[in-house]
Amino acid sequence: MKSITQGVTGNAKPAVGGYHRAYLVNVADIDYDATQVDPTNPTKITDFVLLSGKKIYEIEGTNAVEPSEEFTKGDLGMKTYKHSVRIGIKNLSEGNRKLIHDLAEASVCVLLDTKDNIFEAYGFYSGMSLETKERSLNQNNGMSTITLSSDEGSQEPVDAMIYEKTDYATTKADIQAKSS
C-alpha cells in the first residue's frame with residue numbers, strides 16, 4: 001500500500017460552495033487506538049490522533065469538491081456506506097500528477113471543513129482510493145477531476161463522520177497543527 005506525501009498545491013482559486021478547506025490523511029497514519037469516537041454517536045470523532053511523525057495534507061483551492069454517500073443493505077442485512085469525494089485539480093504540476101498517481105494505490109481519509117463550521121470525515125475506517133480521473137482540455141478550463149471512493153468490499157460501517165474535538169475553533173486548530 002502506497003502512502004501520499006503531499007497535498008494538492010497551486011489550485012489557485014479560493015474555496016466556493018460549501019467548503020472552506022479539504023485535507024487528505026493516509027489511513028495507515030491514523031492512530032485508531034488513541035482516536036476517540038463518541039460512545040453514544042458512532043458518527044462523531046471527538047479526538048483525531050495520528051501516529052508519531054505523521055501529518056495531514058491540505059488540498060489547496062477547494063472550489064471543486066463534491067462528497068457523496070451511498071447506503072447499501074446487503075442480502076444478509078449488512079449495512080454499509082460507499083463514500084466518494086470528487087476533487088477538481090486545476091494545476092497539473094509534477095507534484096500534483098505524482099499525487100494523483102499515488103492515490104491509485106493509497107488509502108486515504110478526506111476531511112472537509114464545511115461552511116457550516118463542521119469537519120466531515122469520509123473514508124475514516126476503510127479509506128478511499130482513486131476510482132476515476134477525468135480531464136478534457138475543452139471542458140472545465142482543462143481542470144482534471146478525480147474521484148476518491150471506498151474500495152469494493154471495503155465500504156464504511158457508518159455515514160460520513162463529523163470530527164469535533166470540543167468546538168469548531170479547537171477542531172480547526174488541531175487539524176491545522178497536524179498539517180504543518
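Trainee: In this predicted model, what makes the approach of the backbone oxygen of Asp31 to the side chain of Thr35 a polar contact?

Mentor: The backbone oxygen of Asp31 lies 2.8 Å from a polar atom of the Thr35 side chain. A polar contact requires N or O atoms within 3.5 Å, so this pair qualifies on distance.

Trainee: Which backbone nitrogen does the side chain of Thr35 reach?

Mentor: The side chain of Thr35 reaches the backbone nitrogen of Val49, at 3.0 Å.

Trainee: Why is Thr35 called buried?

Mentor: Its relative accessible area is 8%. Buried means under 20%, so Thr35 belongs in that class. Thr35 is found in the loop between β1 (19–26) and β2 (36–37). Leaving aside residues up to four places away in sequence, Thr35 touches Ile30, Ile45, Asp47, Phe48, Val49 and Phe124.

Trainee: Why are Lys165 and Asp47 called partly exposed?

Mentor: Lys165 has 29% relative accessibility, and Asp47 has 23%.

Trainee: How many salt bridges are found in the whole structure?

Mentor: The search finds seven. One of them joins the side chains of Lys82 and Glu131, at 3.2 Å, N to O. Lys82 is in strand β6 and Glu131 in strand β9 (residues 129–135), so this pair links parts 49 residues apart in sequence.

Trainee: What makes Glu134 and Arg86 a salt bridge?

Mentor: Their closest N and O atoms are 4.0 Å apart. The definition asks for a separation within 4 Å, and the pair is therefore counted as a salt bridge. Glu134 lies in strand β9 and Arg86 in strand β6, so the pair ties together parts 48 residues apart in sequence.

Trainee: Why does Glu134 count as partly exposed?

Mentor: Its relative accessible area is 44%. That value falls between 20% and 50%, so Glu134 is partly exposed.

Methods
Residues numbered from 1 in each chain as written. Predicted model: local features only at pLDDT ≥ 70, side-chain atom pairs only at ≥ 80, totals over all residues. Heavy atoms only, no water. Helix = DSSP H or I, 4+ residues; strand = E, 2+ residues; numbered from the N terminus. Buried < 20%, exposed > 50% of the residue type's maximum accessible area, 1.4 Å probe, protein only. Polar contact = N/O pair within 3.5 Å; in protein donor to acceptor, adjacent residues only side chain to side chain. Contact = heavy atoms within 4.5 Å.
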